[in-house]
Amino acid sequence: MSKTWCERINPVVRDIPPSGIRRFFDMVAETKGVISLGVGEPDFVTPWHIREACIYSLEKGYTMYTSNSGLLELRCAIARDLADTYGLTYDPRREILVTVGVSQALDLALRALVCPGDEVLIPEPSYVSYAPTVILAGGKVVSLPTGREQGFCLRAHQVEAAITPRTKLLLLCYPNNPTGAVMDRKTLLEIAEVVVAHDLIVISDEIYDRLTYVGQHTCVASLPGMKERTVLLNGFSKSYAMTGWRVGYACGNADFIAAMTKIHQYTMLCAPITAQMAALEALKNGRPAMERMVREYNRRRHVVLHAFRDMGLPCFEPKGAFYAFPEIRVTGLTSEEFAEALLQEEKVAVVPGNAFGPSGEGFVRCSYAASLEDLGEALRRMAQLVRRLGVRPRVISTPPKSLPAREASVSAAGGSSS
């Protein structure tokens with residue numbers, strides 16, 4: 001061949017760096033006896049009644065294609081859930097699309113919306129796939145850095161300052177991966193005013209909405225004037241421990257959902273029917289199991305927060321999702337150096353903060369979607385490394401046996417503050 005395969009690859013694809021998470025976990029795969037706090041995956045097995053619904057659907061012969069948009073019964077259940085939880089009204093026939101996870105929903109939304117050169121505003125640190133997905137859609141990423149001093153929450157003045165004539169949309173993810181930050185209603189209202197004033201679109205990834213521990217989750221589409229300009233993304237992976245089932249959904253304007261469906265029908269056709277049947281069961285009867293899991297995550301959240309602070313690592317209090325984002329600058333190491341030392345010397349896996357953008361440098365992401373036993377041992381090993389690096393622990397405190405009154409009632413229902 002006159003050209004190598006590398007020379008033939010689309011330059012846009014060739015120039016996108018590999019995922020910082022995947023690169024690091026290639027190293028993890030080569031190390032035995034590792035306790036992983038790196039993967040954003042519940043340690044719970046999907047509740048039995050949801051698995052049973054899948055098994056039953058197979059026994060009844062549900063092995064065919066569904067509508068491109070997904071099972072109508074599932075879309076109706078999604079519409080009821082959003083109406084009951086946030087007071088939002090979506091037409092299940094025209095305004096809801098079932099996708100293969102939220103990742104596909106995001107890809108479809110960006111490809112249907114972004115034209116070459118359009119600018120997409122993304123708060124940072126941000127989930128690793130956001131920027132590459134924008135680039136693959138032909139857009140330009142404009143990062144909006146946030147930090148621990150502002151609770152890793154975006155501010156309206158940052159959005160205002162970043163807008164240019166090419167700005168088309170704002171991509172939000174709260175509760176946030178990787179920081180665990182939660183946006184309050186007042187701040188979101190201020191951002192919404194800027195969005196409306198500049199006629200922008202919002203894509204809101206709310207996959208962690210039910211995992212809100214402090215305050216209440218505010219659904220962006222529920223804010224005044226925002227439903228008509230918001231593409232709402234959500235799914236079943238985190239709340240119902242269904243990561244491998246790959247079922248998500250998008251809700252929005254009927255014309256736009258039709259455009260997303262057009263891409264979906266040519267590239268994926270439909271989400272697997274068995275997974276859709278399981279998701280339907282989750283919406284019908286899964287709330288008690290979901291609430292039990294959320295209470296357990298909240299318990300673990302307190303454990304890791306106290307442990308990081310006790311070992312001398314400053315740590316912002318995560319108010320949602322199931323990640324902590326401790327600052328490791330006091331060790332004198334970069335994020336990657338710290339993560340590699342922790343893996344090689346103590347056999348604990350975390351994700352370097354710079355995998356989530358330059359704003360994540362100086363931090364590491366630790367998932368507390370692991371058993372308390374594994375968390376305890378991983379934190380003990382991490383404390384050993386931190387001490388060897390010369391960080392003096394503070395006086396060790398005892399984590400509270402009961403939750404503070406304001407957090408005793410976990411916002412597992414994800415109720416809007418509207």
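Colleague: How are α13 and α14 oriented to each other, roughly parallel or roughly perpendicular?

Modeller: This is a predicted model, in which local features need pLDDT of at least 70 and side-chain atom pairs count only at pLDDT 80 or more, while totals for chains, interfaces and linings use all residues. Helices (H or I, at least four residues) and strands (E, at least two) are DSSP runs numbered from the N terminus; α13 spans residues 335-346 and α14 residues 372-388, with axes 10 Å apart at an angle of about 115°. Axes are lines fitted to C-alpha atoms, for helices over the stretch in contact, and angles run from 0 to 180 degrees between N-to-C directions. Angles under 35 degrees count as roughly parallel, over 145 as roughly antiparallel, 65 to 115 as roughly perpendicular and the rest as oblique, so α13 and α14 are roughly perpendicular.

Colleague: How many residues of the contact of α13 with α14 are charged?

Modeller: Contact means heavy atoms within 4.5 Å; Phe338, Ala341, Leu342, Glu345 and Glu346 of α13 meet Arg381, Met382, Gln384, Leu385, Val386 and Arg388 of α14. Ala, Val, Leu, Ile, Met, Phe, Trp, Tyr, Cys and Pro count as nonpolar, Asp, Glu, Lys and Arg as charged, and the others, Gly among them, as polar. By this scheme six are nonpolar and one is polar, and the charged residues number four.

Colleague: Which residue does a cis peptide bond join to Tyr174?

Modeller: Residues are numbered from 1 along each chain as its sequence is written, and side-chain values use heavy atoms, with hydrogens and water left out. Omega is about -5°, and the residue joined to Tyr174 is Pro175.

Colleague: Is Ala241 buried or exposed?

Modeller: Ala241 sits in the loop between β7 (230-235) and β8 (248-251), and its phi is positive, about 55°, although it is not a glycine. Buried means under 20% relative accessible area, exposed over 50% and partly exposed in between (1.4 Å probe, protein chains only). Because its relative accessibility is 6%, Ala241 counts as buried.

Colleague: Over which residues does pLDDT stay under 50?

Modeller: pLDDT is the predictor's confidence in each residue, from 0 to 100; the protein averages 92, and 94% of the residues score at least 70. Where pLDDT is low, the predicted coordinates should not be read in detail. The model has 55 contacts beyond four places in sequence for the stretch where pLDDT stays under 50, residues 397-418.
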